[in-house]
Amino acid sequence: MARIGKVGKQKAKSVARKRIKRTSGGKGKMVIDKAAHNHLLLQKSKKQKAKAKNPVSLPKAETKKLAKMLI
């Protein structure tokens, strides 16, 4: 006999979970790390590496989309 009415749970996207972090302020902002700071660093300029070091806060429109992925 089949079970009726049982609904599966929604899963968070593991890609989003690994890359996006919420800020600790309660305002719902999200932060991502910039690309180009993992490998092949010898051939990159100091300026490029310095810019990639700091995380970036996302715009409000992107935050709404990504919040759904992190449910």
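Biologist: Where is the place of Leu40?
Modeller: Leu40 sits in the loop between strand 2 and helix 2; helices (H or I, at least four residues) and strands (E, at least two) are DSSP runs, numbered from the N terminus. This is a predicted model, in which local features need pLDDT of at least 70 and side-chain atom pairs count only at pLDDT 80 or more, while totals for chains, interfaces and linings use all residues. Residues are numbered from 1 along each chain as its sequence is written, and side-chain values use heavy atoms, with hydrogens and water left out.

Biologist: What is phi of Leu40 near?
Modeller: Near 60°, a positive value in a residue other than glycine. Most residues other than glycine have a negative phi.

Biologist: And Ala36, what is its phi near, and where does it lie?
Modeller: Phi of Ala36 is near 70°, also positive in a non-glycine residue. Ala36 lies in the loop between strand 2 (30–32) and helix 2. Its relative accessibility is 33%, so Ala36 counts as partly exposed (buried is under 20% relative accessible area, exposed over 50%, partly exposed in between, with a 1.4 Å probe and protein chains only).

Biologist: Changing topic: how many salt bridges does the structure hold?
Modeller: One, taking a salt bridge as a side-chain nitrogen of Lys or Arg within 4 Å of a carboxyl oxygen of Asp or Glu. Lys65 pairs with Glu62, and their closest N and O atoms are 3.6 Å apart.

Biologist: Which helix do Lys65 and Glu62 lie in?
Modeller: Both are in helix 3 (residues 60–69), three residues apart, about one turn of the helix.

Biologist: Is Lys65 buried or exposed?
Modeller: Lys65 is exposed because its relative accessibility is 51%. Glu62 has 33%, so Glu62 is partly exposed.

Biologist: What about the overall fold, in what order do the elements run?
Modeller: From the N terminus they run α-β-β-α-β-α, with three helices and three strands in the chain.

Biologist: What is the radius of gyration?
Modeller: The chain has 18 Å, whereas a compact globule of 71 residues would be near 11 Å (taken over C-alpha atoms; the globule rule is 2.2 Å times the number of residues to the power 0.38). The C-alpha trace spans about 65 × 30 × 20 Å along its principal axes. Buried residues make up 13% of the 71.

Biologist: Where is confidence lowest and highest?
Modeller: Helix 3 is lowest, at a mean of 88, and helix 2 (residues 46–53) is highest, at 93. For the chain, the mean pLDDT (the predictor's confidence in each residue, from 0 to 100) is 87, and 96% of residues reach 70 or more.
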